[in-house]
Amino acid sequence: MSSTLPDNRHYVAAEKQLIVPLGSDTESLHELFRFRFGTPAIQDTASINVKLTPAANQSVETVWLTGSSVKTRQSGSLQFAECDDFQFVTCNIDLSNKDISTAVEAAYSEILTATATNHYPNAVRAWNYFPEINRGAGDLESYRQFTVGRADAFKKAGISAPNVPAATTIGTRTDQLLQIIMLFSKTSATNIENERQTSAYHYPREYGPVSPAFSRASLIKHATANLLFVSGTASIVGSESQHSGDFDKQLQETLANLQALVSKNGLNRHSHCRSISPLFTVYIRNDVGLKATESSIRETFGMDSRIFCLHGDICRSELLIEIEG
């Protein structure tokens, strides 16, 4: 992510907080949305308590800032936080005694219907969190059923590949909540694919009854910032998982995929304008390789890279780590 935002001192986060500025060249900043990890639950329309535990039992919050005024509201099961250019939409659905594909289709359809006629028509980024992501065998696995529900909702909304947004889908280990967070924009995004990987929406049948509906990254060229949203990325080359059971090799393959995305079409931190420190979220099954992960990211993307790690399950059971940016 690069930006023409003012002096970085305005974005230095408090301890265990990470700031994500959304295109602004003013010094008057407002909080648009906040992701909370490992903190006491707070119910409001401008934040979400994600059911993932940060590594080392710390509390982490990512705070998204804007230079314009912010409005929040609730409609049905959806919560909205809006500024001049961007809109967050969130929902929490209890999956107890529910079919996951049906629940996902209903939740996504509600979001896409609610946003179809508003002022933020472009789906840019999505985060999906739900329990027991690897439960079940074959096509009955929870993640594969999730992809069915999401694909059905996109199809009904008339959104097809390659126009699906960048996304992350991670398994939680507490509660029975399906949590969906989506970022919409007034400005259209350019979706970017990775030449090292088969586009997820072109995966072969062996990976599920439908292909996963997400793009590898989304780029917004805003008047005051270039914003690159990188999907959750793992050790996959082509469509096949690599280095099963080997954390270190999976980490290096994941970083190679991230680097390929960032460098595509000359995208880099310094190509157009002043940059801010890149932000990476790491999802790991356990703490093995935690220090190696942080040092490897900094060696690849800069010593000022901001990194936080969360315990979570990856969409394929053989994968040990996933990183988004």
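The structure, a predicted model, holds 14 salt bridges. An open sheet of six strands, with mixed pairing, has the order S7-S8-S9-S12-S10-S11. Strand S11 of that sheet is largely enclosed by the rest of the structure, because seven of its seven residues are buried.

**Salt bridges**

- Arg-34 lies in strand S3 (residues 30–37) and Glu-61 in strand S6 (residues 60–66), so the pair ties together parts that are 27 residues apart in sequence.
- Both Arg-34 and Glu-61 are buried. These two residues also belong to a network of salt bridges that links Glu-31, Arg-34, Arg-36 and Glu-61.
- Arg-285 sits in the loop between strand S18 (279–284) and helix H4 (290–301), while Asp-313 sits in the loop between strand S19 (306–311) and S20; the two are 28 residues apart. Arg-285 and Asp-313 are both buried.

**A buried glutamate without a salt bridge**

- Glu-322 has its place in strand S20 (residues 321–324).
- Glu-322 is buried yet has no salt bridge. The nearest side chain of opposite charge is that of Arg-125, 7.4 Å away, and a salt bridge requires a nitrogen within 4 Å of a carboxyl oxygen.
- Not counting residues up to four places away in sequence, Glu-322 touches Thr-168, Thr-169 and Ile-170, and also Gly-232, Thr-233, Ala-234, Thr-281, Val-282, Tyr-283 and Ile-314.

- Strand S10 (residues 122–131) pairs with strand S12 (residues 177–185) in the antiparallel sense over seven bridges. Within this pairing, Met-182 in S12 is the bridge partner of Ala-126.
- S10 and S11 run parallel and are joined by seven bridges. Arg-125 stands opposite Ala-166 in S11.

**Helices on the sheet**

- Helix H1 (residues 100–115) lies across S7, strand S8 (78–82), strand S9 (86–94), S10 and S12, and runs at about 25° to S12.
- Helix H2 (residues 142–156) lies across S10 and S11, at about 145° to S10.
- A right-handed β-α-β unit is made by S10, H2 and S11.

**Strand S11 and Thr-168**

- Ala-166, Thr-168, Ile-170 and Thr-172 point one way from S11, and Ala-167, Thr-169 and Gly-171 point the other way; all are buried.
- Thr-168 is found in strand S11 and counts as buried, at 1% relative accessibility.
- Leaving aside neighbours within four places in sequence, Thr-168 is in contact with Arg-125, Ala-126, Trp-127, Asn-128, Ser-231, Gly-232, Tyr-283, Glu-322 and Glu-324.
- Thr-168 and Ser-231 are 63 residues apart in sequence, but 5.5 Å apart in space from C-alpha to C-alpha.

**Backbone details in the loops**

- Most residues other than glycine have a negative phi, and most peptide bonds are trans.
- The peptide bond from Ala-161 to Pro-162 is cis, with omega near 5°. Pro-162 lies in the loop between H2 and S11.
- Glu-132, in the loop between S10 and H2, has a positive phi, near 50°. Glu-132 is partly exposed, with a relative accessible area of 38%.
- Asp-175, in the loop between S11 and S12, has a positive phi of about 60° although it is not a glycine. At 44% relative accessibility, Asp-175 is partly exposed.

Definitions and conventions:
Residues numbered from 1 in each chain as written. Predicted model: local features only at pLDDT ≥ 70, side-chain atom pairs only at ≥ 80, totals over all residues. Heavy atoms only, no water. Pairing = 2+ DSSP bridges. Helix = DSSP H or I, 4+ residues; strand = E, 2+ residues; numbered from the N terminus. Contact = heavy atoms within 4.5 Å. Axes fitted to C-alpha atoms, helices over the stretch in contact; angles between N-to-C directions. Buried < 20%, exposed > 50% of the residue type's maximum accessible area, 1.4 Å probe, protein only. Right-handed = clockwise from strand over helix to strand, strands pointing away. Lys, Arg positive; Asp, Glu negative; His and termini not counted.
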